[in-house]
Amino acid sequence: VSTQSTGFEMQIDEGVDILCPEIKCINGSSYRVLCPPTPTSRPHNVKRHKEGSWEPSRYSDVYEDEPSTCKAPKADCKPVKEEWQTTELSTPNYFHKYIVGKSATVKKRLENETGTQINVPRPHEKKDFITVRYKKESSLSSLEVRVESIVSSARKRERPTHFISIPVASEEISTNLKKFQDLCGDKIHPHKVQFPSKLHLTVGVLKLFSDMEVKQACDLLKEFAPRIPYILCGKPLRGALKNLEIMNDEPQSVNVLYGELLLLDESERLQNLADQCLEFFVEKGLMDYEQNRNSKSVKLHCTLINTRWNSNGPRTIDASQILSDDFELKAFGNCVLDKLDLNEMTTDRDKKYVNVSTISLV
């Protein structure tokens, strides 16, 4: 009989006991010997049948090398005592209230479900992290996922805290804005008209709830700066504020009235700048298109009237006369757009937005 094996051939004569070969013990291990039969090759406890075949009479004597007889001695195993470890999870202080929950119910549930212990700083401490004690890495990983989900869900419900904008400012525009307010008369409450120092074109809004997040936004604005000369082709942005428009389709019930800022050279450089800035911050994870009407194109507008700025007076205004061809003021003047600002939504005593960072456009 010829048996082919990988790399070589082994010849086995017909008389070889393949199913019950000779067993040899070497250094405590048992081996089957496949070789031509010899007078001593067959074990003494094998019976020969009439047809010349054989069968083992005592399996325990012949197959001493089976796993049941070759088990390693049991090791003296002692349970390893797991030690408590401590770490900090970066979490804006603003969202700690969501991690604690009413009567600390959320915190207790997180601890029970993950097998961890959570220490949340008191609100007045202004710490942007929570301290966690854990025994298993899997417990810490589970808690991280749950905390991140809580913070992400809460962040979506919050209003934006900062915005990136291009200031629209000149003496001519300030003068005409005051004239515009006088022409509107008693129809519009003075507090619903934008202050000249706050006129701007919004590029995008951000939700920043810690010093670390604000610093990240400032760093990204500076990182975007080298792209500006290529987008603007090395030329300044000179434009004119005119063409009054409304956000809705009913002039008799208006919330927001704005003016368009059109470049004097009629190029698309301003629009390209706004779109690429928005795209840059979206890619970095600090903005999203959902806050921009799910559009990749920024709707550049300079808000002049917003009825939501003040609770006094009606919630809407009738802008039919303002939008008519008979309205005296059609244009507000020219300006140079010379910087890109990162501002807080709040204002200071000078009726200006609180500026966080600025890069030049010239």
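Is Phe-327 buried or exposed? Phe-327 is buried, with a relative accessible area of 8%, where buried means under 20%, exposed over 50% and partly exposed in between (1.4 Å probe, protein chains only).

A word on the model first. This is a predicted model, so local features need pLDDT of at least 70 and side-chain atom pairs pLDDT 80 or more, while totals for chains, interfaces and linings use all residues. Residues are numbered from 1 along each chain as its sequence is written, and side-chain values use heavy atoms, leaving out hydrogens and water.

Now the rings. The structure holds nine aromatic pairs, a pair being rings of Phe, Tyr or Trp (its six-membered ring) with centres within 6.5 Å; planes under 30 degrees apart are stacked, over 60 edge-to-face, the rest tilted. One of them joins Phe-95 and Tyr-98, tilted at 40° with centres 6.1 Å apart. Phe-95 is buried at 0% relative accessibility, while Tyr-98, at 23%, is partly exposed.

Over to the helices (DSSP runs of H or I, at least four residues, numbered from the N terminus). Helix 6 (residues 211-224) and helix 8 (residues 269-283) pack at about 135°, their axes 11 Å apart. Contact (heavy atoms within 4.5 Å) involves residues including Leu-220 and Phe-224 of helix 6 and Leu-273 and Phe-280 of helix 8.

How values were computed: Axes fitted to C-alpha atoms, helices over the stretch in contact; angles between N-to-C directions. Helix = DSSP H or I, 4+ residues; strand = E, 2+ residues; numbered from the N terminus.
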